[in-house]
Amino acid sequence: MSLKARLIAAFEETYNAAPNFVVRSPGRVNLIGEHTDYNDGFVLPMAIDRAVWIAFRPRTDGQVHVKSLDFDATASFSLNTLSYQDAGWIEYIKGVAWVLLDKDYTLTGWDGVIAGDVPVGAGLSSSAALELATARCFAAVSDFDWDPKQMALLAQHAECEWIGMQCGVMDQLIAAAGQTDKALLIDCASLDMQPAPLPPGTAVIVMDTSTRRQLVDSAYNERRASCESVAAAFGLQTLRLLEPAAFEARFDQLDPVARRRARHVLGENARTLLAVEAMKAGDAATLGRLMNESHASLRDDFEVSSPALDQMAALAQAHPACFGARMTGAGFGGCAVALVKEGQAPAFVAHISSRYQADTGHEPSLYLCKATAGTTLMPMA
């Protein structure tokens with residue numbers, strides 16, 4: 001039974017009626033451009049064929065009632081008395097309701113059942129997928145226009161202010177606006193988006209290390225503060241505005257840790273723009289080399305990798321079918337991503353899975369990912 005069919009069956013069992021709508025919101029893998037989004041830089045994610053799904057119907061009493069199949073839990077709240085209670089997954093739904101109400105949207109409540117196959121905490125942006133799926137539910141039952149960019153910005157605001165995760169806009173924007181068969185170059189300052197095709201004959205493999213992190217409690221916010229401190233030292237709002245020559249001229253005057261963080265961001269922005277040009281040219285070798293360089297910078301300068309991520313990336317980079325590999329997501333655990341020869345993808349997956357488990361004792365999950373469309377209302381049939 002497909003995930004969609006299982007979801008509809010669970011809705012009918014829970015509410016004794018069929019849902020009016022089903023929404024699908026994808027996770028994402030970022031090919032390159034890490035920790036650049038909140039510095040107004042460039043990122044290159046693609047929406048993937050793993051997603052959060054919600055089957056739902058409207059209510060008339062201002063209540064939202066939700067059952068999560070993945071957590072085997074139910075939760076509810078009133079749109080009239082929203083309050084943060086640190087209650088886990090439901091807070092993402094409440095946060096989206098809060099920000100929509102704060103921006104003067106008139107909301108209708110709904111009954112829903114949620115399920116997904118985006119691994120939680122793996123760096124594939126399950127939270128943004130849930131946020132955008134929730135926003136799409138409210139748009140459907142409340143009858144307001146669906147604007148992907150606007151909804152992505154509001155979802156980001158909810159995660160920053162309601163959840164307390166000071167994220168950039170990449171995750172929400174690719175979940176909202178992803179394109180089939182394309183990655184998207186996103187300029188996080190202007191929110192301009194440019195599609196970029198994968199080089200012919202290549203495949204993207206997501207490599208889950210089976211290690212997890214809690215971003216709100218991690219060093220993520222500290223990294224952001226370091227970047228902001230360097231920008232402020234130059235009298236700038238963000239590192240996007242910092243010229244490399246100006247940075248190099250004052251490199252020795254900056255705090256040693258903060259300048260390493262900034263060096264990563266400046267280098268990563270340059271690598272991301274070069275990666276798009278490589279993709280347009282069908283140059284898999286150059287794209288892979290840039291991915292390898294990105295991992296080294298994240299490991300050594302930004303210091304957000306981990307032993308498990310380093311081992312996974314090293315194993316992938318050493319495989320003859322691999323053009324390049326790097327950690328993906330905020331780091332400290334989660335997933336790496338590899339660009340490999342399409343015809344050798346099954347052999348690559350088998351080899352890396354076996355070697356990684358032997359080396360670390362962790363059982364990984366590796367899977368081929370295809371680029372898919374962003375958050376979408378799906379036909380019921």
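1. Four strands form an open sheet in the order β10-β11-β9-β12, and their pairing is antiparallel. Helices (H or I, at least four residues) and strands (E, at least two) are DSSP runs numbered from the N terminus, and two strands pair if DSSP finds at least two bridges between them. Because β10 (322-328) and β12 (365-369) each have a single partner strand, they stand at the edges, and one side of each is left without a neighbour in the sheet. From one strand to the next, the twist averages 20°.

2. The model is predicted: local features need pLDDT of at least 70 and side-chain atom pairs count only at pLDDT 80 or more, whereas totals for chains, interfaces and linings use all residues. Residues are numbered from 1 along each chain as its sequence is written, and side-chain values use heavy atoms, with hydrogens and water left out.

3. Within the sheet, β10 and strand β11 (residues 335-341) run antiparallel and are joined by six bridges. Cys322 has Val340 of β11 as its bridge partner. Helix α11 (residues 345-360) packs on the sheet and touches β9 (202-208), β10, β11 and β12; contact means heavy atoms within 4.5 Å. The direction of α11 makes about 20° with that of β9, where axes are lines fitted to C-alpha atoms, for helices over the stretch in contact, and angles run from 0 to 180 degrees between N-to-C directions.

4. A hairpin is formed by β7 and β8, with five residues between the strands. Strand β7 (residues 183-187) pairs with strand β8 (residues 193-196) in the antiparallel sense over four bridges, and Leu185 has Gln194 as its partner in β8. Leu191, in this hairpin, takes a positive phi near 65°.

5. Buried means under 20% relative accessible area, exposed over 50%, and partly exposed in between (1.4 Å probe, protein chains only).

6. Asp40, in the loop between β1 (21-30) and β2 (42-43), has a positive phi near 60° although it is not glycine. Asp40 is partly exposed, at 26% relative accessible area.
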